[in-house]
Amino acid sequence: MNATGQKSAGDSAAGSRAGDRAGLTVVWAVVDTDIGPLLLAATDAGLVNVVFHASPAVRDRAVERLGSRLGTDPVEAPDSPLLAEPIRQLKAYFAGERRDFELPLDWSLISGFNRQVLRELASGVPFGTVVGYGDLAGRVGQPRAAQAVGVAMGANPLPVVVPCHRVVESDGGIGGFGGGLETKRQLLALEGVLPQPLF
């Protein structure tokens with residue numbers, strides 16, 4: 001499924017099992033953004049991973065973990081055609097020129113309830129809006145699973161593109177965020193949900 005909710009090659013059951021991915025190509029690059037360096041990784045099926053704060057140490061751990069989970073050695077390839085469109089769209093998003101991502105996504109790093117919640121988030125919570133953890137749980141037919149939705153947000157392998165920063169507490173609190181609360185505030189400010197910081 002891409003960020004607008006359409007299916008991609010990565011949605012098949014076989015594609016969701018790392019052990020079945022013989023001959024898989026995984027490429028990655030680090031991109032500088034307004035929220036710091038992001039590591040982007042893609043397969044032939046689509047964008048598979050976005051990692052915040054991609055310092056050399058974070059990058060090395062992320063690439064090692066990705067290789068272990070997908071069963072192949074990721075290759076640094078910033079000029080790869082597999083990364084060209086994700087990089088272009090992310091740059092446009094941070095420049096305020098894009099509100100939606102139209103990318104094929106490889107969902108193979110997430111499954112079950114977490115995948116269901118993240119798909120709903122990607123297709124049902126547009127730019128400039130927020131949703132409560134409990135509300136999102138209700139949208140997937142599990143109205144008492146607000147805490148599990150929080151776990152799903154923390155497990156999101158595709159932050160920013162699958163916008164877990166748009167999920168907030170029902171009492172108006174900002175909630176948690178794997179990229180750090182300041183990063184969440186910056187993303188919500190970029191989308192006009194929170195005021196831009198004065199300095």
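**Salt bridges and sheet in a predicted model**

Guide: The side chains of R139 and E120 meet in a salt bridge, with 3.7 Å from N to O. This is a predicted model, in which local features need pLDDT of at least 70 and side-chain atom pairs count only at pLDDT 80 or more, while totals for chains, interfaces and linings use all residues. Residues are numbered from 1 along each chain as its sequence is written, and side-chain values use heavy atoms, with hydrogens and water left out.

Visitor: Why is the contact of R139 and E120 called a salt bridge?

Guide: The term requires a side-chain nitrogen of Lys or Arg within 4 Å of a carboxyl oxygen of Asp or Glu.

Visitor: What does the pair R139 and E120 tie together?

Guide: R139 belongs to helix α4 (residues 133-139) and E120 to helix α3 (residues 112-124), so the pair links parts 19 residues apart in sequence. Helices (H or I, at least four residues) and strands (E, at least two) are DSSP runs, numbered from the N terminus.

Visitor: What makes R166 and E191 a salt bridge, and are R166 and E191 buried or exposed?

Guide: Their side chains meet at 2.8 Å, N to O, which is within the 4 Å limit. Buried means under 20% relative accessible area, exposed over 50%, and partly exposed in between (1.4 Å probe, protein chains only). R166 has 5% relative accessibility and therefore counts as buried; E191, with a relative accessible area of 5%, is likewise buried.

Visitor: Why is R139 called partly exposed?

Guide: Its relative accessible area is 42%, which lies between the limits of 20% and 50%. E120, at 22%, is partly exposed as well.

Visitor: How many salt bridges does the rule give?

Guide: The count comes to 5. Among them is the pair R59 and D60, at 2.9 Å from N to O.

Visitor: What makes β3 and β4 edge strands?

Guide: The open sheet has 4 strands in the order β3-β2-β1-β4, with mixed pairing. β3 (46-51) and β4 (75-76) each have a single partner strand, so one side of each lacks a neighbour in the sheet.

Technical notes
Two strands pair if DSSP finds at least two bridges between them.
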